[in-house]
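Hi,

Here is the structure I promised to pass on. My notes follow below it; please have a look whenever you have a moment.

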Amino acid sequence: MLLRDAQGQPIAIRREDYAAPAYWIDTVDLTFDLDPAKTRVLNRMQMRRNPDVPVQPLRLDGDELNLARVLVNGQGASFRMEGEQLVIDGLPDAFELEIFTTCCPIKNTKLMGLFVSEDTFFTQCEAEGFRRITYFLDRPDVMAMYTVTLRAAKASYPVLLSNGNLVEQGELPEGRHFAKWVDPFKKPSYLFALVAGKLVAREQRIKARNGKEHLLQVYVRAGDLDKTEHAMNSLINSVLWDETRFGLPLDLDRFMIVATSDFNMGAMENKGLNIFNTKYVLANQATATDADYSNIESVVGHEYFHNWSGDRVTCRDWFQLSLKEGLTVFRDQEFSQDLCADASARAVKRIEDVRVLRTAQFPEDAGPMAHPVRPDSYIEISNFYTVTIYEKGAEVVRMMQTLVGRKGFEKGITLYFERHDGQAVTCDDFAQAIADANPESELARLLPQFKRWYSQAGTPRLAAHGVYDAQNRSYTLSVVQSCPPTPGQPTKEPFVIPLNIGLLDASGRELPMQLEGESDVTRGTRTLVLSRAGEQITFVGLDAEPVPSILRGFSAPVILDFEYTDAQLLTLLANDPDPFNRWEAGQRLGLRAALHGIAALATDTTPVLNDAYIDAMRSVLRNPQLDAAFKELVLTLPSETYIAEQLDVVDPQRVHLVREAMRAQLATALFADWQWAYEENHDTGAYSPDPTSSGRRALAGMALNFLCLAARASGDVVWPGKTLQRFKDAGNMTDRFNALNALVSSGNTLAAQALARFHAIFKDEALVIDKWFSLQAGASDRGGDILPLVKQLMKHPDFSLKNPNRARSVIFSYCSANPGAFHRPDAAGYVFWSERVIELDAINPQVAARLARALDRWSKLAEPYRSAAREAIARVAAKPDLSKDTHEVVTRALAGN
């Protein structure tokens, strides 16, 4: 129920106001007569009063429903409506409640509840979509057993699916048929699902370690069956991994995945019936890139792992969302790393995960929507499906594993599920289980303080400083931690921070480490546990000043401030055995150059990168000991967004200008090296999305990009011509798209014919056309040319604002992922943004609210951008019938001034 104050403004829901439900629902028997214009839903529930709560009326949530009948124990009952809630007084302690409603799925553009996509019925109930299907106690702590009967015209809807096991099916009069499903496990309403339509399935039977057989099915449209092999393999790997790593078996006779092209999210873990965005299911080498294959593996794993961490044990309330999402992101990250054959591939996965955290979550922590991993309040819970809840939440879980060890963490997971199977619990319950399973650990000792990671928003900063004492042969590292104010939290208490550290000598050799007062000498990485505002750590037995390798493996989600010299960073880049810190050294050098260039008012012809940096990048590129995937990560410059976050006042055009100058300089200075890299890596043989082959394709694609960029400056036509031929001859989407990207991002004249050819080849492949749109909307801006192109793309016959994937491919690629084009001096980008947010809000508030986040960091902008951005946000906020989703985002943005 949306609460409003006397002025009609939405009222926030607060965690501290949580109260247990006044009633429990034991069983739910749902019967659906499916029709796009008028679906009939009969809901029979066995209910009982919660004896621990004072007697009060039953209040059931509803949204856009037509109510036809309410019966209590088979008899008509009096009721009243209070807003969207159905309220019934004078109920007995136990009773059967029957509710008959209708809804119109074909008009449901919000894609929440029951909706129709391409003549197929789908549901999306998390977080509060079930109330758009029937009146219900639509909250995660009400768990019930579900029986679902689906009835529909057989010719139009031959496949009828719901949660659990199919127990009965048959024919009905007038060409209709039915299917009855029973879920053997209790679940909250947000995990309910149904699908009905013309679908085909890839099937695979597998045998678990306990000898039990399971049927795995991936349902898609008939023309897409050839693109489901990788998703099925990913599902099989997920089942095997969870059973092997954590002892968690598949608990259903069958497990189903269904793909739809109209979906607000990536995928949804409905018990036994996962519904996926097609983006995370469909792949073959002709239509999907290596990144697509990797994302499918990760998301399939993520949703399957929810079967335990989210379904068998769920969250008590939505403030505990990270209980399931942070834990499950951690699990899918571990899954992807464990599938890697070698340490380098694992490191690449870790760096990719950290890059997402630092470019997306750190700005969120510093902006108006900053919130703790366990939020204290919300107006619209959909706005809190964020990188803080997911990715930062995963880092909190990872720190727990660091503090108790890998085996200790597995013991903790086992205890967690033993204690709480079938329950709706809290983040505190999870942390307690991990600590209780490891009573001698630092986590157990510091648990109350560690849980500040759940309650305090913001990104902690570690200011570190090292002093070498030659006389005592010691090195003292001083570390001071702080965390800036965030909305509603002006002051912060110290966090528990596991800090992984190593020491190198000036030539790059790893040094043994001995702490003052200890007799043991350790080699390699050592974990220090920080818990005070300021601490000093002294290492002894050192004959010269070491180069500290701090925060190895990104052991905590913090910002490290350490005044490395360029020489120290070059030493780490060339020699650090920790791959993350090796990559990080290169990022720090690139960032330092960018910030210096911005401060020096550099023009696009001014060299930004010094010879030492260029030589270091050449050494990385030519190093035979390094994998191609790792090289590609090191040679990727810090993004414009990440650079901007390091500035107090941001001129987006200056940031764009300097980074483009850095790219151009790398292209020309390393021209011969890029040619060598392309020739060494462009032929990967028969297509396979394995990490080694993917890394080589990525490096070859990067080389082409830089070669075309160099050609722009020199006027060379050879490499653009080779790139066009590569585009035409490519045997897989990764190579084809890398070539197309090289032509487009360099602004080459051959790009137009390549884009036209690409569209002609793939015009019937929706996900590929999304790439075609996105590439153009996200291209480097030259003279303000991207916004007019974006407006033209929106007029293209293939563009639809109602399809979230397509809207994201154009509008989000421009507004959220192309700062150099979006932040225009004439404010036209902001005007476009405000118009699109308002337009989308009337169709799909969730998508609109996500787009609204593009101006979260407006208050950091230099003038004239700052005033223009604020005006655009105010224009959106002033719209009287704005959804609560978008209202919450823009009002918080304005309040963050």
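Which strands form an open sheet, and in what order? The order is β29-β28-β31, with antiparallel pairing across the 3 strands. Strands here are DSSP E runs of at least two residues and helices are H or I runs of at least four, both numbered from the N terminus; two strands pair if DSSP finds at least two bridges between them. Because β29 (526-530) and β31 (547-550) each have a single partner strand, they stand at the edges, and one side of each has no neighbour in the sheet.

Before going on, a word on the source: this is a predicted model, where local features need pLDDT of at least 70, side-chain atom pairs count only at pLDDT 80 or more, and totals for chains, interfaces and linings use all residues. Residues are numbered from 1 along each chain as its sequence is written, and side-chain values use heavy atoms, leaving out hydrogens and water.

Back to the sheet: β28 (residues 497-504) meets β31 over 4 antiparallel bridges, and Leu 503 stands opposite Pro 548 in β31.

Elsewhere, strand β26 (residues 461-469) pairs with β32 in the parallel sense, over 4 bridges, and Leu 462 has Leu 560 as its bridge partner in β32. Buried means under 20% relative accessible area, exposed over 50%, and partly exposed in between (1.4 Å probe, protein chains only).

Finally, Gly 301 lies in helix α2 (residues 290-305) and counts as buried, at 0% relative accessibility.

Best wishes
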